[in-house]
Amino acid sequence: MSDDGGGYRDAKGRQRPAARRRSNDGRSAQRPTDRRRSGDPARRVAWQVTRNVADGAYANLDLQKLLREAGLHGRDAGFATELTYGAIRMRGLYDPIIERCAGRPVAQIDAPVLDTLRLGAHQLLGMRVPAHAAASETVALAREVNGAGAAGFVNAVLRRVSERTREEWVAEVIAGREPLERLSIEHSHPMWVVRAMRAALLERGTATSDDVDEQLLALLQADNAPPLVSLVARPGLATVEELVAAGAHASQLSRVGAVLDGGDPAQIDAVRRMRAAVQDEGSQLLTLALAEPGLVEGREHQEWLDLCAGPGGKTALLANLAAEQGAVVFANEVSEHRTTLVRKSLRATLEAGIEVMIGTGDGRDLGVEEPDTYERVLADVPCTGLGALRRRPEARWRRTPSDVTPLVTLQRQLLLSALATTRPGGVVGYSTCSPHLAETSQLVASVVEQTGATLQDARPLFRDTAGAPIEHLGNGPDVQLWPHLHGTDAMYFALLRKPETQD
Ligand SMILES: C[S@@+](CC[C@H](N)C(=O)[O-])C[C@H]1O[C@@H](n2cnc3c(N)ncnc32)[C@H](O)[C@@H]1O
């Protein structure tokens, strides 16, 4: 495990701090306030992001950067955001429509031109931009970024797209398809994702065979609705009341959470100073569950481990909750860069004198390097991210079924290591932001069988702000949250307890 600079290192080589120590499928009324004839900057930004995403960029990060560079704010930035996200997210619906209007498969259209057409299709079918403005502004964009010849083609295709309503186009492109294929096209999710979601809804006991199709539809729609911004008030550093005074409203799910209806979270003082942060309520709930007082008896000063900590959102909450109980967290992350992000997210925590150890290393080694050490371990493992599709418009197209097996192998190794580094009688919280059964309950069941760990009922640990049990957590003992039922990402959480004496 390498030192990542600053502070001092303890006997185990770990760094201590220097100081002690909702579905609308994207329709909206937003429009740019300023439509210049030659090259509308909001559309140009949207197009550039789609191009950068094709080259591997993340839409959310790239968009923020390009909006800043273009000096776009307010309604124009809102328009560019909705256009970018919608065109990327909904291409599973728009591509078959574009194919019909272009008279050729999308694979035979130049990628930069196809991106322009998707932006045009989203304005015509997914936003309330008047058809003439959507077409003429997108043709102006095409002239600028694709060239005059391509602009003629874009014009012809978009004219045809504009001849029908979204409903008419959906009816046409799903005609004659199987029910799951219809959902896949209309709600723009790859078929393998639709199948995985349906299997998880059934297997987790969230849906029955009677209502699974209704639930699946609601889930896919929720994936296409931009989420509200959830905030966490880091215990001891900020309060929910402070966030409410800054314009948020108190979360009904998480006792440390608040929800922002609009506006920029970075404008909130507590967020700027890292005393609060943007964090999904599902992530808050599972961190609160693992930090439940009294969950593990034993030493007065416990050591807790966050095995896969980067970028540090859960670490910061866990460390502040641990401090309330006199426990210390060690945050481990394999990537140097992401270890830096962990340190950043812990800035206010460290400044407040809360001790957190931070290290860079492969979590798979910790079971051997530090056996039987920690009372509580969070294994928030790398996963397909299928539970957070509403946040990352490109993720559904970037992931493929072939990603699952190597991830499951890594997840298994990390969970085995997490159990090995846990003290007898201690617990591991295993979590993913994916509901895929191979990454969640199936993996956990096989590790439980292999190790003799016991799976505890995690559901009683998930309580809402009023202290009442949160509903629809599945048939247990593990927990599956859902965007369409809880308004959170589809986070999975299992609580494994290591036997007091190993066989
Ligand atoms: C789902 S993210 C964790 C998110 C984090 N808990 C948070 O709330 O901010 C998974 C993290 O695991 C890290 N990771 C991947 N392989 C790892 C390994 N072998 N050991 C430790 N961390 C690993 C990734 O770099 C990534 O930062």
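The following legends describe close-up views of a predicted model.

**View 1. Residues around the ligand.** The shell around the ligand holds 18 residues, of which Cys308, Gly310, Gly313, Lys314 and Gly363 come nearest. At least two residues of this shell are supplied by each of three elements: helix α15 (313-324), strand β8 (328-333) and helix α18 (363-369). By residue class, the shell around the ligand consists of seven polar, six charged and five nonpolar residues.

**View 2. Packing of helices α14 and α15.** Helix α14 spans residues 281-290, and its axis comes within 10 Å of that of α15. The two axes cross at roughly 40°; α14 and α15 are therefore oblique to each other. The crossing of this pair, α14 with α15, has a right-handed sense. On the α14 side the contact is made by Ser283, Gln284 and Thr287, which meet Gly313, Lys314, Leu317 and Leu318 of α15. Four polar residues, two nonpolar residues and one charged residue make up the contact of α14 with α15. Gly313 and Lys314, which take part in this contact, are also among the residues that come nearest to the ligand.

**View 3. The open four-stranded sheet.** Four strands form an open sheet in the order β4-β5-β3-β6, and their pairing is antiparallel. At the edges lie β4 (249-250) and β6 (276-278), each of which pairs on one side only. Within β6, Val278 is the bridge partner of Leu231.

**View 4. Packing of helices α1 and α3.** In general, the packing of two helices is described by the angle between their axes and the distance between the axes. For helix α1 (residues 41-54) and helix α3 (residues 74-89), the angle is about 35° and the axes are 9 Å apart. The crossing of α1 and α3 is right-handed. From α1, the residues in contact are Ala42, Arg43, Val45, Ala46, Val49, Thr50 and Val53. Their counterparts in α3 are Asp76, Phe79, Ala80, Leu83, Thr84, Ala87 and Ile88. The contact of α1 with α3 comprises 10 nonpolar residues, together with two polar and two charged ones. Arg43 in α1 and Asp76 in α3 are included in this contact.

Terms used. Residues numbered from 1 in each chain as written. Predicted model: local features only at pLDDT ≥ 70, side-chain atom pairs only at ≥ 80, totals over all residues. Near = placed C-beta within 6 Å. Nonpolar A, V, L, I, M, F, W, Y, C, P; charged D, E, K, R; others polar. Axes fitted to C-alpha atoms, helices over the stretch in contact; angles between N-to-C directions. Parallel < 35°, antiparallel > 145°, perpendicular 65-115°, else oblique. Left-handed = near helix turned anticlockwise from the far one by under 90°. Contact = placed C-beta atoms within 7 Å. Pairing = 2+ DSSP bridges.
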